[in-house]
Amino acid sequence: MSMAHSFNNWMKYRQTVSELNRMNNRELADLGINREDIRRVARKAAK
């Protein structure tokens, strides 16, 4: 994997984590996500 590709994946991961962390628990629940799931969801989104 190229360095640019790795960097882009990392940026997508960080953006997803940031956006999900800004949501309140009810908004996350509406999406079927717990606070504990945020990093897992972000890793999947960054692939």
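Modeller: Here is what the labels rest on, one at a time. This is a predicted model, where local features need pLDDT of at least 70, side-chain atom pairs count only at pLDDT 80 or more, and totals for chains, interfaces and linings use all residues. Residues are numbered from 1 along each chain as its sequence is written, and side-chain values use heavy atoms, with hydrogens and water left out.

Colleague: Why is the pair Phe 7 and Trp 10 called tilted?

Modeller: Rings of Phe, Tyr and Trp (its six-membered ring) pair if their centres lie within 6.5 Å; planes under 30 degrees apart are stacked, over 60 edge-to-face, and the rest tilted. Here the centres are 6.0 Å apart and the planes are at 35°, so this pair is tilted. A search of the whole structure turns up one aromatic pair.

Colleague: Where do Phe 7 and Trp 10 lie?

Modeller: Both are in helix α1 (residues 3–22), three residues apart, about one turn of the helix. Helices are DSSP runs (H or I, at least four residues), numbered from the N terminus.

Colleague: What makes Phe 7 partly exposed?

Modeller: Buried means under 20% relative accessible area, exposed over 50%, and partly exposed in between (1.4 Å probe, protein chains only). Phe 7 has 48%, so the label is partly exposed. Trp 10, at 47%, is partly exposed too.

Colleague: And Lys 44, is that buried or exposed?

Modeller: Lys 44 has a relative accessible area of 59%, so Lys 44 is exposed. This residue lies in helix α3.

Colleague: How do you know that the buried residues of α1 are on the same side?

Modeller: They are Asn 9, Tyr 13, Thr 16, Val 17 and Leu 20. They cover an arc of only 100° around the axis, so they sit on the same side of α1; that arc is taken from the directions from the helix axis to the C-beta atoms. On the other side, Met 3, Ala 4 and Arg 22 are exposed.

Colleague: Which residues make up the largest nonpolar core?

Modeller: A nonpolar core is a set of buried Ala, Val, Leu, Ile, Met, Phe, Trp, Tyr and Cys residues joined through side-chain atoms within 4.5 Å. The largest has eight residues: Tyr 13, Val 17, Leu 20, Leu 28, Ile 33, Ile 38, Ala 42 and Ala 46. Its largest share, three residues, comes from α1.

How values were computed. Helix = DSSP H or I, 4+ residues; strand = E, 2+ residues; numbered from the N terminus.
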